[in-house]
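This report covers how the secondary structure elements are arranged. Look at the model first, then read on.

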Amino acid sequence: MAMAADAKFHVLAVDDTLIDRKLIEKLLKTSSYQVTAVDSGTRALEFLGLNNKNRNSNADASVHVEVSLIITDYCMPGMTGYDLLRKIKCSSSLKDIPVVIMSSDNIPSRINRCLEDGAEEFFLKPVQLSDVNKLRPHLMKSRCKPNINKRKAVEEIASPDGTRSRRYNELEV
């Protein structure tokens, strides 16, 4: 049984095929995740506040939706899941959101490219409940990141001998 705390996790599911989108949405909801499902990479970017129409220097700052993880199909018309992954990882405000790619095609070079470029996992379709259970560690890691970043906030000071010493700022953790 899923823990009640998992209900706070919001997953953005992206798939152009209605049946696959409904399946992943049902599996995620069965695992007590809040789910938003969209049918394209473009709609995902709009939902995240990164649509090209409003592209400006403040585009990254306009994100109001708290998404814990993005799961996307690889093969979609227009923008592929890989293209979506690259746009998310290039965004200063979204780059830490875990991204999972799913595909019906078992193409090792494609899988490796996605993983090397920032995907946390690559699932073969049809996605199953055992796959969804693999998401929990990535969600927990994303939840902890803000605290980790606070603890790692340091001020580097150059010393006379050219080495750098670190002085930790006082932080509420």
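## Terms and source

An angle under 35 degrees counts as roughly parallel, over 145 as roughly antiparallel, 65 to 115 as roughly perpendicular, and the rest as oblique. Angles run from 0 to 180 degrees between N-to-C directions, with axes fitted to C-alpha atoms, for helices over the stretch in contact. Helices (H or I, at least four residues) and strands (E, at least two) are DSSP runs, numbered from the N terminus.

The model is predicted: local features need pLDDT of at least 70, and side-chain atom pairs count only at pLDDT 80 or more, while totals for chains, interfaces and linings use all residues. Residues are numbered from 1 along each chain, and side-chain values use heavy atoms, without hydrogens or water.

## Helix pair

H2 (residues 41-48) and H3 (residues 81-90) pack at about 20°, with axes 10 Å apart. The two helices are therefore roughly parallel to each other.

H2 contributes Gly41, Ala44, Leu45 and Leu48 to the contact; H3 contributes Leu84, Lys87 and Ile88. Contact means heavy atoms within 4.5 Å.

## Sheet

5 strands form an open, parallel sheet in the order E2-E1-E3-E4-E5. Pairing takes at least two DSSP bridges between two strands. E2 (34-38) and E5 (121-124) are the edges: each has a single partner strand, so one side of each lacks a neighbour in the sheet. Neighbouring strands are turned by 20° against each other on average, direction ignored.
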